[in-house]
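Subject: Structure for your set

Hello,

Please find the structure below. My notes on what was found in it follow.

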Amino acid sequence: MSPASTENSVFLRSLLREPVPYTPVWLMRQAGRYLPEYNATRARAGSFLGLAKNPDYACEVTLQPLDRFALDAAILFSDILTVPDAMGLGLSFEQGEGPRFAHPIRTEQDVARLAVPDMESLRYVFDAVSLIRRQLAGRVPLIGFAGSPFTVSCYMVEGKGSDDYRLIKTMMYSRPDLLHRILDVTAQTTAAYLNAQIDAGAQAVMIFDSWGGVLADGLFQEFSLTYTQRVISALQREREGQRIPVIAFTKGGGQWLESIADAGCDAVGVDWTVNLAAARRRVQDRVAFQGNMDPMALFGGEDAIRAEARRVLDAFGPVGKGGHVFNLGHGISQFSPPDAVAVLVDEVHRYSRQFHV
Ligand code: CP3
């Protein structure tokens, strides 16, 4: 494994609010269906899970966006739902339909049977991490990730994606003890899972709380943030003498930035509804920020993409003692033109230099 000092560490240094020459950029879902080469590899693998469960394929697609664009970080190609799959829920993806679980967790008996799985059942993920890290050979750092316990539990209870979260919210309001137990087992599993990714070579980790924003104030703290915090506090934060930064991202979490910043993370991910200048003031640069361009801005054409990138960078302003990692406010759409990403990366790298002195 090459030492971090020989690689482009602008991303890791920004997360730790250390001085860098420009604002680093990577994109959530940067390896995905908007890239024809991803679709070609997925066709060879037969399915999304065929890709994700094979370390050679997972490595290949992780590196694809880096071969095209001057991105400052790689993110492990996998999914947040590998965790409940390992817990025995039976994950499948129907073409064009999204994830489905054969055995969702709905009853007291289902909940009683839940247990932290043997991490050996996720060996394919850790093997992918080691392989990607070797293949990267120090080009850019590698990000590991997991879903937040609440977001993962949404899928475990609903059995698939949901528009209204009716089943998990029914459980939350009628049998909060059951949901707390699901969250507790999932948090323990997630901590072990992320620590094993770090052991395998992940240099930063991100926790995706994609659905925490659907909760009422008060319940977000009780059912989502508490468990994200538990995961963070169980993580190893140093490996081979390098700090392992943690990014906590809650989509729709703008009103809770202070409490997310105090959950023990190094950086807070924000969606596009947040103003970065106001966000910095609210947390007084205690943490770095990651985000926050609207993914749909990539459909606006070159001038609009450049203008939106500048708008985000201007809002953050002179970086000073803060830290900014440029990203989208959520995953890149599968319909995005790949050239839009090249334009975005160019503008972020070029325009941000004035803010780093
Ligand atoms: O960012 C990356 O490039 C790394 C890979 C990554 C994937 N999923 C690959 C993927 C990451 C970080 C995720 C996280 C993930 N997965 C989240 C949290 C982030 C978010 O988007 O809010 C969630 C909620 C999931 C669950 C999930 N996986 C859903 C709902 C779907 C189907 C919807 C969709 O976008 O197709 C997936 C499938 C999935 N995961 C795809 C990819 C590239 C598309 C599958 C395909 O190739 O058909």
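**Backbone and ligand notes**

N292 is placed in strand 10, residues 288-293; strands (E, at least two residues) and helices (H or I, at least four residues) are DSSP runs, numbered from the N terminus. The peptide bond that leads from G291 into N292 is cis, with omega near 0°.

This is a predicted model, in which local features need pLDDT of at least 70 and side-chain atom pairs count only at pLDDT 80 or more, while totals for chains, interfaces and linings use all residues. Residues are numbered from 1 along each chain as its sequence is written, and side-chain values use heavy atoms, with hydrogens and water left out.

Next, the ligand. The ligand sits in the largest pocket. A pocket here is an open set of points on a 1 Å grid over the protein atoms alone, where a 1.4 Å probe fits, with protein on both sides within 12 Å along at least five of seven lines; sitting in it requires more than half of the molecule's atoms within 2 Å of its grid points. Helix 2 (36-45) and strand 3 (98-101) are the elements that give two or more residues to the shell around the ligand.

The ligand is surrounded by 23 residues (a heavy atom within 4 Å), and the closest are R29, Y38, R42, S210 and H330. By type, the shell has 14 nonpolar, five polar and four charged residues.

- Y38, polar side-chain atom: 2.5 Å
- H330, polar side-chain atom: 2.6 Å
- Q30, polar backbone atom: 3.1 Å

Taken alone, the ligand exposes 870 Å² (Shrake-Rupley, 1.4 Å probe), and the protein buries 88% of that.

Two residues other than glycine have positive phi. R29 has phi near 65° and is in the loop between helix 1 (10-15) and helix 2; its relative accessible area is 53%, so R29 is exposed (over 50%; buried is under 20%, partly exposed in between). Y165 has phi near 55° and is in the loop between helix 8 and helix 9 (166-174), but Y165 is buried at 8% relative accessibility. Most residues other than glycine have a negative phi, and most peptide bonds are trans.

Helix 8 (residues 149-158) is largely enclosed by the rest of the structure, because ten of its ten residues are buried. Just after helix 8, G159 has a positive phi of about 85°.

Lastly, V283 lies in helix 13 (residues 276-283) and is buried, at 0% relative accessible area. V283 is 7.3 Å from L257, C-alpha to C-alpha, at a sequence separation of 26 residues.

Regards

Definitions and conventions. A polar contact is a pair of N or O atoms within 3.5 Å; within protein, one must be able to donate a hydrogen and the other to accept it, and residues adjacent in sequence count only if both atoms are side-chain atoms. On a 1 Å grid over the protein atoms alone, a cavity is a set of points where a 1.4 Å probe fits but cannot get out, and a pocket is an open set with protein on both sides within 12 Å along at least five of seven lines; lining residues have an atom within 4 Å of a point. Ala, Val, Leu, Ile, Met, Phe, Trp, Tyr, Cys and Pro count as nonpolar, Asp, Glu, Lys and Arg as charged, and the others, Gly among them, as polar. Buried means under 20% relative accessible area, exposed over 50%, partly exposed in between (1.4 Å probe, protein chains only).
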